[in-house]
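Please open the structure in the viewer and keep the selection tool at hand.

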Amino acid sequence: MGELQLSNKVILITGALGTAGSRAVALFLQRGAKVAACDLKPVAGFDDLLGRFGEDALLYQQADCCDEQAVQQLIGCIRQHFGRLDGVYHNVYTNHAEAIAAQSLQNWEECLRGTLTSAFLVIKYAAALMGENGGGSIVSTSSVLGTIPRPHNAGYGAGKAGLEQLTRIAAYEYASRNIRVNAVVPGDFKSEQWLANMPESHRKNMQEITLLGRSGAPNEINEVAAFLLSDAASYVTGSLYPVTGGILH
Ligand SMILES: NC(=O)c1ccc[n+]([C@@H]2O[C@H](COP(=O)([O-])OP(=O)(O)OC[C@H]3O[C@@H](n4cnc5c(N)ncnc54)[C@H](O)[C@@H]3O)[C@@H](O)[C@H]2O)c1
């Protein structure tokens, strides 16, 4: 994939301190975007990027994307700082990897809240600001576990399945406001450091279950998100993009 232009687009990245999110902040800034980075955790690791791109291009906001008031405040900060919003890359999720028989109602609800409700809130309030500047593009990160059943993933898997239908419905509802809504659907990706020191059992498993025979790197997911956020994807909405290295089962 060649250089994709995100020039002057203001993009909100949630889960911005995570494996995918942190690399997306750097990648999108390099592509010319202005980035509002949000995470539950206090800011860390952005000094270098702030030095290179400046506060005009990078805003960090600590916020809980499952909290309606916090999301409203986050969007308010973006309006104040950048005056507009053109894109969202939503990476937040919660997973308690437990069997249904062992899962408490609280943990089940936390999974749905972190994985699905956060997307509902971010789409709702981000789209309102995007509508003010003529449209935009929203990309959420789903998972193959939204369609492939695996044990110990009930809350997360159901949340991701819900996120995929939310994506289609939001695409329908916001098309008239020129807001495209899509999702990327990763299989397995890990940090570069993790990939370099991967346990042999994981390497073997990925060799067996993917056509490309390996796990992905975070920017292999982020590149597809960058495409969907760019004007190159101007005719794409309501779509779910598998970025799995070809997971077959
Ligand atoms: N890593 C994988 O193999 C994989 C596979 C399939 C799908 N995914 C999906 O990709 C996305 C990114 O995954 P990752 O591995 O980079 O995740 P990660 O765990 O590395 O990062 C997630 C980030 O989200 C933040 N966060 C959690 N709850 C939040 C909240 N309520 N409000 C704000 N921030 C919150 C965390 O603090 C963390 O920094 C997720 O949606 C995940 O479900 C990941």
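Does His152 count as buried, exposed or partly exposed? With 15 C-beta neighbours inside 10 Å, His152 counts as partly exposed. A residue is buried if 20 or more other C-beta atoms lie within 10 Å of its own, exposed if 12 or fewer, and partly exposed in between, the C-beta atoms being placed from the backbone.

Before continuing, please note the conventions. Residues are numbered from 1 along each chain as its sequence is written. The model is predicted: local features need pLDDT of at least 70, side-chain atom pairs count only at pLDDT 80 or more, and totals for chains, interfaces and linings use all residues. Helices (H or I, at least four residues) and strands (E, at least two) are DSSP runs, numbered from the N terminus.

**Stop 1: two residues with positive phi**

Keep His152 selected. This residue lies in the loop between S5 and H5, and its phi is positive, about 70°, although it is not a glycine. Next, select Asn8, in the segment before S1. Asn8 is also not a glycine, and its phi is positive, near 65°. Asn8 is exposed, with 11 other C-beta atoms within 10 Å.

**Stop 2: the sheet**

Select the strands. Seven of them form an open sheet in the order S3-S2-S1-S4-S5-S6-S7, with parallel pairing. S3 and strand S7 (240–243) stand at the edges with a single partner strand each, so one side of each has no neighbour in the sheet. Direction ignored, neighbouring strands of this sheet are turned by 15° against each other on average. Two strands pair if DSSP finds at least two bridges between them.

**Stop 3: strand S1**

Select residues 10–14, which form S1. Five of the five residues of S1 are buried. Val10, Leu12 and Thr14 cover one side, while Ile11 and Ile13 cover the other. In a regular strand the side chains alternate between the two faces of the sheet.

Five bridges join S1 to S2 in parallel, and Val10 has Lys34 in S2 as its bridge partner. Three bridges join S1 to strand S4 (residues 87–90), again in parallel; here Ile11 is partnered by Gly87.

**Stop 4: strand S2**

Move to residues 34–39, strand S2, where six of the six residues are buried. Lys34, Ala36 and Cys38 lie on one side, and Val35, Ala37 and Asp39 on the other. S2 pairs with strand S3 (residues 58–62) in the parallel sense over five bridges, and the bridge partner of Asp39 is Gln62 in S3.

**Stop 5: the helices between the strands**

Select helix H1 (residues 19–30) together with S1 and S2: they make a right-handed β-α-β unit. A crossover is right-handed if, with the strands pointing away from the viewer, the path from the first strand over the helix to the second runs clockwise. A right-handed unit is also made by S2, helix H2 (residues 47–53) and S3.

H1 lies across S1, S2, S3, S4 and strand S5 (136–141), running at about 165° to S1. Axes are lines fitted to C-alpha atoms, for helices over the stretch in contact, and angles run from 0 to 180 degrees between N-to-C directions.

**Stop 6: helices H3 and H4**

Select helix H3 (residues 68–82) and helix H4 (residues 105–132). Their axes come within 10 Å and cross at roughly 30°. H3 and H4 are therefore roughly parallel to each other (angles under 35 degrees count as roughly parallel, over 145 as roughly antiparallel, 65 to 115 as roughly perpendicular and the rest as oblique). H3 passes H4 in a right-handed crossing, meaning that the near helix is turned clockwise from the far one by less than a right angle. Among the residues that meet are Val71, Ile75 and Ile78 in H3 and Leu121, Tyr125 and Leu129 in H4; two residues are in contact if their C-beta atoms, placed from the backbone, lie within 7 Å.

**Stop 7: helix H5**

H4 and H5 pack at an angle of about 15°, with their axes 8 Å apart. The contact includes Trp108, Leu112 and Phe120 of H4, and Tyr156, Leu163 and Tyr174 of H5. H5 also lies across S5, strand S6 (179–186) and S7, running at about 165° to S6.
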